[in-house]
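Keep the picture open beside the text and look up each residue as you meet it.

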Amino acid sequence: ALLVKKDVVDALLPSPDFVPSHRCFAFWADNHVIFRETAHAVALKHELLVSFLPKIFPSAAGNGAHIHMSIWREGVNVFPAGDSSGEGGVSELGLHFLGGVLHHLPALLALTAASPNSYRRLVPNCWAGAAHCWGFDNREAAIRVPTRPSGHPTNFEYKPCDSTANPHLALAGIIAAGLDGIRSRHHPGAPVQVDPSSLPREQRPPKLPSILEDAVQCLEASELLRKALGPEVVKTYCALKRADAAFFGSKSFAEEV
């Protein structure tokens with residue numbers, strides 16, 4: 001979050017991280033909303049404004065709301081491989097979950113990068129996860145798997161998310177995509193271990209939607225997410241997002257902010 005005092009920016013760049021405790025997704029979603037509203041209320045009390053807008057300064061990286069997730073079964077984290085098998089220590093089940101998220105990523109963006117301003121942040125070399133790929137410790141990949149000094153990775157990070165998202169819908173969509181990956185045995189492909197934008201053009205990952213309207217179109221076309229979230233929810237959500245896109249379409253960056 002960035003604090004703004006009256007009309008003067010009063011912030012440290014890059015923005016500090018707020019890291020909530022590791023809980024089930026419903027608890028985290030509820031508390032993310034509570035945190036945002038509390039931050040706004042406390043800031044106003046001190047004659048400050050707090051902004052979670054994805055892109056406030058054109059030359060800065062912006063504000064994200066990256067999501068760290070692990071997969072648990074009967075009290076055991078099953079994202080890491082139990083032995084030496086698996087890509088980089090990630091279990092087969094974990095890889096299929098990642099594969100599902102990557103497979104449905106263009107549609108998920110409508111839920112996790114939910115404003116026109118979001119796509120100003122989702123550009124290369126801003127650690128925003130703008131590349132349609134995954135990788136170990138790769139901050140340019142949409143899905144980053146953090147490695148550990150010892151032992152297998154225990155979680156993954158979904159990066160193309162910000163605080164314009166409804167956290168309940170965003171998390172529900174990611175989980176539905178991951179579970180579909182497990183059912184359909186989607187594989188995420190080989191991890192990308194370099195900045196994807198530095199690769200020759202023919203070797204770069206597929207492009208993701210670069211504007212909200214394109215992501216909304218992908219969401220409308222997703223049978224999985226329509227079923228998981230409910231067709232009426234998706235229909236209403238997409239109509240609202242199209243209205244947002246139309247309203248901000250003629251605005252300059254300064255007007256948008």
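Arg139 lies over the face of Trp127, at 5.1 Å from the ring centre. Keep in mind that this is a predicted model. Another charged residue, Lys251, sits over the face of Phe247, with 4.8 Å to the ring centre.

**Aromatic rings**

- Five aromatic pairs are counted here.
- One of them joins Phe79 and Phe156; this pair is tilted, with 5.8 Å centre to centre and 40° between the planes.
- Phe79 belongs to the loop between strand S6 (76-77) and helix H2 (92-103), while Phe156 belongs to strand S9, so the pair ties together parts that are 77 residues apart in sequence.
- Phe248 is partly exposed, and its relative accessible area is 25%.
- A single aromatic cluster is formed by Phe79, Phe97 and Phe156.

**The sheet**

- Four strands make an open sheet, in the order S4-S9-S8-S7, and the pairing is mixed.
- At the edges are strand S4 (67-69) and strand S7 (131-136), each of which pairs on one side only.
- From one strand to the next, the twist averages 25°.
- Strand S8 (residues 141-145) and strand S9 (residues 156-158) are antiparallel, and two bridges pair them.
- Which residue of S9 is the bridge partner of Arg144? That partner is Glu157.
- Helix H3 (residues 105-112) packs on the sheet and touches S7, S8 and S9; the direction of H3 makes about 65° with that of S9.

**A closer look at strand S7**

- S7 and S8 run parallel and are joined by four bridges.
- Gly135 stands opposite Arg144 in S8.
- How many of the six residues of S7 are buried? Six of its six residues are, and the strand is mostly covered.
- Ala131, Cys133 and Gly135 point one way from S7, whereas His132, Trp134 and Phe136 point the other way.
- Residues on both of these sides of S7 are buried.

Methods
Residues numbered from 1 in each chain as written. Predicted model: local features only at pLDDT ≥ 70, side-chain atom pairs only at ≥ 80, totals over all residues. Heavy atoms only, no water. Pairing = 2+ DSSP bridges. Axes fitted to C-alpha atoms, helices over the stretch in contact; angles between N-to-C directions. Contact = heavy atoms within 4.5 Å. Phe/Tyr/Trp six-rings, centres within 6.5 Å; stacked < 30°, edge-to-face > 60°. Buried < 20%, exposed > 50% of the residue type's maximum accessible area, 1.4 Å probe, protein only. Lys NZ or Arg CZ within 6 Å of the ring centre and 35° of its normal.
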